[in-house]
Amino acid sequence: MTNHVDRFFAAVTVLAGDGPVKQRLIRAYTDNLADIDEDDLPVALKERFAEARRRMHSVAPLNGEGPIRASVRKMSTKEASECAVALVQLYGEFARLTALPGRHGSDEGVPAPFLVKSLPL
């Protein structure tokens with residue numbers, strides 16, 4: 001499950017980068033989230049991730065472009081931004097769930113690895 005948190009983090013990093021929101025959304029989803037099975041996610045996130053997946057696969061592809069690119073191409077800039085925000089919110093919720101001691105594989109009292117700062121040598 002930690003791998004999935006890392007993949008959401010990577011997607012959010014792409015979404016926060018340079019370029020048009022539609023290009024960032026396509027790259028963030030395709031490179032990091034497209035092959036995640038919602039059944040591997042915490043129960044609290046399954047339906048919201050399934051909805052994001054439906055939005056990213058809502059249009060039949062033309063000329064070999066693929067369903068994700070076709071779906072984002074048909075979105076308005078506002079709709080693409082809303083999808084990007086939904087993915088960021090999913091990451092935030094996922095990070096909170098995995099950071100809670102004793103929940104979703106975390107050891108009691110041990111913070112998730114992405115919350116630990118590196119110590120100076």
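**Figure 1. Burial and accessible surface of the protein.** Of the 121 residues in the predicted model, 36% are buried, where buried denotes under 20% relative accessible area, exposed over 50% and partly exposed the range in between (1.4 Å probe, protein chains only). The accessible surface amounts to about 7300 Å², and carbon and sulfur atoms contribute 55% of this area; accessible areas were computed by the Shrake-Rupley method with a 1.4 Å probe, and for residues only the protein chains shown count as cover. In this predicted model, local features require pLDDT of at least 70 and side-chain atom pairs pLDDT 80 or more, whereas totals for chains, interfaces and linings use all residues. Residues are numbered from 1 along each chain as its sequence is written, and side-chain values use heavy atoms, with hydrogens and water left out.

**Figure 2. Secondary structure and contacts of the protein.** The protein contains 5 helices and 0 strands, in the order α-α-α-α-α from the N terminus. Helices (H or I, at least four residues) and strands (E, at least two) are DSSP runs, numbered from the N terminus. Among contacts (heavy atoms within 4.5 Å) with a separation of 6 or more, 55% join residues 24 or more positions apart.

**Figure 3. Surroundings of Glu38.** Glu38 lies in the loop between α2 (21-33) and α3 (43-56) and is partly exposed, with a relative accessible area of 22%. Leaving aside residues up to four places away in sequence, Glu38 touches Lys46, Phe49, Ala50 and Arg53.

**Figure 4. The pair Glu38 and Arg53.** The side chains of Glu38 and Arg53 make a polar contact at 3.1 Å. A polar contact is a pair of N or O atoms within 3.5 Å; within protein, one must be able to donate a hydrogen and the other to accept it, and residues adjacent in sequence count only if both atoms are side-chain atoms. The C-alpha atoms of Glu38 and Arg53 are 9.1 Å apart, with the two residues 15 apart in sequence.
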